[in-house]
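Hello,

Here is the structure I promised to pass on to you. Please open it first, and then read my notes below.

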Amino acid sequence: MEKLSDENSLVPKYLQENDLGEECKELLTTLPSEKGWITTHLYQYQGFWFAPIILQGVLSCQKHFQALDTDILLVTSPKSGTTWLKALSFALINRNKYPNIYINHPLLTTNPHELVPFWEIGLYCDKDLIPDLNTLSPPRIFSTHLSYESLPKSVKDSTCKVVYLCRDPKDTFVSYWHFINKLRSKNSETIPLEEAFERFCRGVNPYGPIWEHVLGYWKKSLENSEKVMFLKYEEMKMKPYFYLKEIANFLECPFSKEEESKGVVDDILNLCSFEKLSNLEVNKTGKMSFDIENKCFFRLGRVGDWKNLLTTEMIEHINTITEKKLVKHGLSF
Ligand code: A3P
């Protein structure tokens with residue numbers, strides 16, 4: 001395996017590769033690899049592409065995570081609305097604990113990614129540390145970008161709930177391209193749009209290919225709608241009130257008539273809105289524990305920004321892939 005050393009200085013701290021465990025290092029030597037987006041390489045594991053340190057987190061959580069029936073798992077591809085889903089779900093689940101939503105709610109002072117931890121990008125990415133999650137009170141709520149196939153076995157064996165949120169691959173790509181260019185160190189150049197697009201369409205992006213990722217959860221949600229809830233960013237933007245209630249029903253904590261009439265649903269939606277969250281001091285100036293600025297997670301928060309960046313050829317190309325891979329399964333964007 002090629003080592004980063006000098007190039008590590010160009011990589012954000014949370015993606016640096018100099019702290020990999022032996023198991024991960026050995027595995028990397030056996031996996032297909034391609035040029036990375038931030039790290040030097042991506043490696044293909046169980047059909048999807050990972051940066052090395054993330055792969056270490058994947059291996060660790062696959063091995064050690066023990067699901068409880070009461071757990072809630074939020075799953076997305078990167079840039080599909082993870083931050084929003086985390087905020088909504090956290091506020092929903094904890095609504096009785098923090099009834100005074102505009103005065104002392106944790107979301108007012110803490111980024112949603114800190115309140116709902118990632119498995120492979122946070123909890124499990126230290127090679128020497130297996131987190132003790134038994135101290136967390138139920139319902140525990142976690143997030144991951146893993147494909148359905150790669151989820152820890154206990155998630156599939158338990159009755160824990162999985163909420164999956166996806167987004168039109170065009171907007172996901174555009175959002176990711178902007179994000180990655182912000183993350184790349186000031187010393188390194190931005191990835192040219194055409195090159196990034198070509199790699200994304202081949203599926204060689206972190207956690208790609210997006211189409212297979214979406215399809216895995218789509219199929220599971222059709223097979224077992226009590227286990228997997230399948231959501232689209234575009235639909236949630238259009239009917240947030242409806243979908244927040246749907247999520248509450250799915251998680252078996254429905255809003256009562258009284259709560260609805262008191263405006264609890266609206267309050268949660270307002271608190272978690274792009275406008276509100278992105279203007280909070282913590283999200284304007286704060287940093288995550290893994291060294292990314294919170295503001296990187298808030299850009300436009302709109303549907304259809306791809307129209308401002310992609311050429312007609314690019315749009316046709318990516319739409320054709322989406323049609324070829326998803327439409328026959330009854331899925332479109
Ligand atoms: P854009 O780059 O298109 O603006 P993720 O949370 O999965 O990293 O996705 C980030 C995308 O979600 C970004 O999209 C970001 O602006 C948008 N986003 C962040 N918070 C949001 C919110 N509260 N509501 C809607 N979209 C949000």
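**Ligand shell and sheets**

Helix H3 gives the largest share of the shell around the ligand, 3 residues. Before going on, a word on the basis: this is a predicted model, in which local features need pLDDT of at least 70 and side-chain atom pairs count only at pLDDT 80 or more, while totals for chains, interfaces and linings use all residues. Residues are numbered from 1 along each chain as its sequence is written, and side-chain values use heavy atoms, with hydrogens and water left out.

There are 18 residues around the ligand, and Lys-79, Thr-82, Thr-83, Ser-175 and Leu-300 come nearest (a residue is near a molecule or strand if one of its heavy atoms lies within 4 Å of it). By class, this shell has 8 nonpolar, 7 polar and 3 charged residues (Ala, Val, Leu, Ile, Met, Phe, Trp, Tyr, Cys and Pro count as nonpolar, Asp, Glu, Lys and Arg as charged, and the others, Gly among them, as polar).

Taken alone, the ligand exposes 560 Å², and the protein buries 98% of that (accessible areas by the Shrake-Rupley method with a 1.4 Å probe). The elements that give two or more residues to the shell are helix H3 (82-93) and helix H14 (274-278); helices (H or I, at least four residues) and strands (E, at least two) are DSSP runs, numbered from the N terminus.

Now to the sheets. One is open, with 4 strands in the order E5-E4-E6-E7 and parallel pairing (two strands pair if DSSP finds at least two bridges between them). Its edge strands are E5 (141-144) and E7 (228-232). Inside this sheet, 5 bridges join E4 (residues 72-76) to E6 (residues 161-166), and Val-75 has Tyr-164 as its bridge partner in E6.

H3 also lies across E4, E5, E6 and E7, running at about 160° to E4 (contact means heavy atoms within 4.5 Å; axes are lines fitted to C-alpha atoms, for helices over the stretch in contact, and angles run from 0 to 180 degrees between N-to-C directions). Helix H9 (residues 210-223) lies across E4, E6 and E7, at about 130° to E7.

Another open sheet has 3 strands in the order E1-E2-E3, with antiparallel pairing. Here 3 bridges join E1 to E2 (residues 41-45), and Lys-35 has His-41 as its bridge partner in E2.

Best wishes
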